[in-house]
Amino acid sequence: MKRLKMSAALFLVAALMACILAACKGGGASSDSTTPAANGEIEYKDEIKVAIPVEPPALDPHTTGTTACRDVTRYIYEMLFELDQNYEAKPQLCQSYTVNDDYTDFTFVLRQGVTFHNGKEMKADDVVASLNRWLGYTAYANRVIDSEFYRIDDYQVGIKLSQPCVTLTELLANPAQSAVIMPAEVVEAAGAGNVSEYIGTGSLKYESYTPGESITLTKFEDYQPPVDESGTAYPLDGQWGDRTVYFNTCTFYFVPESSVRLVGVETGEYDMLTNLDYGDIESAKGDAQSYGLQLITDMGCNGGISFNLYSSLFADDTIRAAAYYAVDPELVSSASIFDSEYYYTDACYLAPESKWHTDVADSEYGQDQEKAKSLLAESSYNGEEIVILNTSAYPELDRASKILQQQLEAVGFNVKLETYDWSGWLNKVLTFEGYDMFVMSYAVMYNPTICSYLYSPLSGATNVDGFSQRFAAYDTATSFDEAYAAWEELQAFCAEKHIIIKYGDYYYCDIASEKVENFNAFMGVVLWGVKVAK
């Protein structure tokens, strides 16, 4: 199969939407009655109900990286590799793999006997069709994977690269715009559009979709988890391992209003909710004991302030440095998120739990207003208007943008805040003109290859002298140690050049009723292993 190629404009939009972590808000249902078992044992519900904030734009993880798509389709599909809780890629549909010394020649051995929801056995043709389609839509993968996957035999798939890719298995495990495996015929039928059949190997299968209301999935009785040599399933760890479910039906209801989701869990209308708005967390904590609520945190996204390095004043290093030191990351985070339990301020672009995390940028991190004023005075800045591109769609980003405006004005910048709805913001930001800065949150970034601050055209990092050479040194490393050393040099360089103001890592607040057992989250609520008492 030929790899699909998008136009430059569509590719940019897809890249942006794969990075940006959208958290919006729709639906409703009645709850099961509580019925104790006659013998005193706990009875569990056959159907569970989850309130999510936004309706997925598609159920096609190859073409969209939105949180709404991820949180539903992760139960339908699986990948060759999945991430454990330490963001390590572990074989899921892949039995094993081999790679040569310079990470350019990979062979993946597939598990045998794994079936799709339509009863067909998964084989190499399905994997090749799925992965090459994924490559055609995925900016971060296209940047480092310059070849197509190919079939070796029914249960082996290979790829030969012209340059090393130490992180290939991590890319194949990325849950945002993910490399899920579908039947080859589903891929072929989709052509250049989204798939119209939702068939995977996951423990839940697609049942029905009511636009504007809900999506229902049902248990796939023939689901097969990965097993060790003794035939024992690997226990669930993050998203990797035994993804068995213990209910027959799961319905995701689209409930835009955070407070409505919360009341729905409190009254038993829903069993759990995802991504409570930060403004409602204090209320939820107050209600927790009365209503028997379980609150958990889940690493959600990375908040950053980007400069327009294409056509604005911030192409000037000194003016950019003045803005960098004007900003207090702690104040931006606290104004945006409110509760310190749900954010973490840190200079590193990558998740603190990741093996790629580093502290080399810490010396450049934090507010220094006097330094900012001094830099601004010695720069070529002459009172020109600085435009912050803001969106009203996400309250936490709106709050962060307003604090940013105040902090820039405090050191002498002339700042204007221009606010748009979401579609207007997207249209404006993709012109690269008429604005100087914007605030945005991005999906969890756990390695440099998928880091939006580095590869996304919106970052403009490639316009900074010295950046591309350092990124190339990381890209072409032939071992983790070599790649990590190159990444540390790149991270330090980015901080020294003040390419991005990374102001915090955000944790989501997910909530379940006290009847939910094994309530957990890892890059989204985890339903595998969950049971809900009647």
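Biologist: What makes Lys531 a charge that lies over the face of Tyr246?

Modeller: Lys531 lies 5.1 Å from the ring centre of Tyr246. A charge sits over a ring if NZ of Lys or CZ of Arg is within 6 Å of the ring centre and within 35 degrees of the ring normal, so Lys531 counts as lying over the face of Tyr246. Lys90 likewise lies over the face of Trp240, at 4.5 Å from the ring centre.

Biologist: What kind of model is this?

Modeller: The model is predicted, with local features requiring pLDDT of at least 70 and side-chain atom pairs pLDDT 80 or more, while totals for chains, interfaces and linings use all residues. Residues are numbered from 1 along each chain, and side-chain values use heavy atoms, without hydrogens and water.

Biologist: How many aromatic pairs does the structure hold, and why is the pair of Tyr75 and Phe252 called stacked?

Modeller: There are 35 aromatic pairs. Rings of Phe, Tyr and Trp (its six-membered ring) pair if their centres lie within 6.5 Å; planes under 30 degrees apart count as stacked, over 60 as edge-to-face and the rest as tilted. Tyr75 and Phe252 have 6.2 Å centre to centre and 25° between the planes, so the pair is stacked.

Biologist: How do you know that Tyr75 is buried?

Modeller: Buried means under 20% relative accessible area (1.4 Å probe, protein chains only). Tyr75 has 1%, so Tyr75 is buried, and Phe252, with 2%, is buried as well.

Biologist: Why is the pair of Tyr435 and Phe438 called edge-to-face?

Modeller: The ring centres of Tyr435 and Phe438 are 6.2 Å apart and the planes stand at 70°, so the pair is edge-to-face. Tyr435 and Phe438 are both buried.

Conventions
Buried means under 20% relative accessible area, exposed over 50%, partly exposed in between (1.4 Å probe, protein chains only).
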